[in-house]
Amino acid sequence: MNELVFVRKNYNVIHISFMKKGHIQGKIYNWYLPYRDLDRIHIGTITTIKIGNKRKKVFVVDLSYNLKAEKLYKTFPLIGSQPSWQIQLICQQLTNNGIEYYRERSFKGLMNAHNKSLRVDISFQVDGQWYFIEYHGTHHYFKRNTSNQRFKNILQNMELKRIWCEEHQVPYLEIPFFRQKEIFLVVDNFLSKID
């Protein structure tokens with residue numbers, strides 16, 4: 001599997017393969033990648049595009065440059081926000097280990113203080129047992145450019161997820177921002193404890 005590679009400013013062609021039932025298809029398609037999307041795309045990750053009225057998952061195989069790319073290819077129909085590079089690394093490591101995962105999934109009874117569903121960054125099942133992984137950026141630890149109430153909500157939501165996992169016996173991994181350089185090691189250690 002490719003390691004995560006960040007795009008350079010001169011890339012303007014994206015090479016993708018469609019995903020089908022969680023598997024990367026063999027055929028590669030080329031699209032024009034506008035400059036505005038360069039920082040949202042990484043080689044070796046899965047993203048979502050919109051074709052007609054349908055959303056499709058695609059795997060980013062490669063990036064390249066072609067002087068006539070805008071004229072030769074259709075514009076890459078990237079939609080929605082893309083996960084952070086840290087989340088993408090975690091997902092890539094799960095894929096490397098043959099684990100199918102879910103992003104931003106809700107679970108019954110996992111609610112915030114206002115009875116709204118809390119989403120889990122990454123969840124997956126092995127032999128019927130759920131496992132959760134959360135990446136906590138600096139905003140989970142430091143109040144920056146946000147209100148006191150918003151920061152309190154973030155802290156409270158973190159604790160509610162911990163409590164829910166403990167009550168439901170769901171193994172739960174939190175990866176703090178200060179361990180982002182060790183993501184592969186931390187995830188591998190978590191996976192090694194799965195029977």
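Here is a walk through this structure, from its overall build to a few of its residues.

What you have is a predicted model, so local features need pLDDT of at least 70 and side-chain atom pairs count only at pLDDT 80 or more, while totals for chains, interfaces and linings use all residues. Residues are numbered from 1 along each chain as its sequence is written, and side-chain values use heavy atoms, with hydrogens and water left out.

Let's start with the whole thing. The protein has 4 helices and 11 strands; these are DSSP runs numbered from the N terminus, with helices being H or I of at least four residues and strands being E of at least two. Its C-alpha atoms fill a box of roughly 55 × 40 × 35 Å along the principal axes. Of the 195 residues, 42% are buried, where buried means under 20% relative accessible area, exposed means over 50%, and partly exposed is in between (1.4 Å probe, protein chains only). The protein exposes about 12100 Å², and carbon and sulfur atoms supply 48% of that; accessible areas come from the Shrake-Rupley method with a 1.4 Å probe, and for residues only the protein chains shown count as cover. Take the contacts (heavy atoms within 4.5 Å) with a separation of 6 or more: residues 24 or more positions apart account for 61% of them.

Now for the rings. A search of the whole structure turns up 13 aromatic pairs. Rings of Phe, Tyr and Trp (its six-membered ring) pair if their centres lie within 6.5 Å; planes under 30 degrees apart count as stacked, over 60 as edge-to-face and the rest as tilted. One of the pairs is F18 with Y29, which is edge-to-face, at 5.2 Å centre to centre and 80 degrees between the planes. F18 sits in strand β2 (residues 13–20) and Y29 in strand β4 (residues 29–32), so this pair ties together parts that are 11 residues apart in sequence. F18 is buried at 18% relative accessibility, whereas Y29 is partly exposed at 33%.

Another pair is Y102 with W130, this one tilted, with 5.7 Å from centre to centre and 50 degrees between the planes. It links distant parts of the chain: Y102 is in strand β8 (residues 102–111) and W130 in strand β10 (residues 129–136), 28 residues apart. Y102 counts as partly exposed at 40%, but W130 is buried at 19%. Both belong to one aromatic cluster, made up of Y102, F107, W130, F132 and W164. Y102 also has R105 lying over its face, 4.5 Å from the ring centre; for a charge to sit over a ring, NZ of Lys or CZ of Arg must be within 6 Å of the ring centre and within 35 degrees of the ring normal.

Last, a look at two loop residues. D37 is in the loop between β4 and β5 (42–43).

Q180 is in the loop between β11 (172–176) and α4 (183–192), and at 22% relative accessibility Q180 is partly exposed. Q180 and I87 are 93 residues apart in sequence, yet 9.7 Å apart in space, C-alpha to C-alpha. Again leaving out residues up to four places away, Q180 touches W85, Q86 and Y135.
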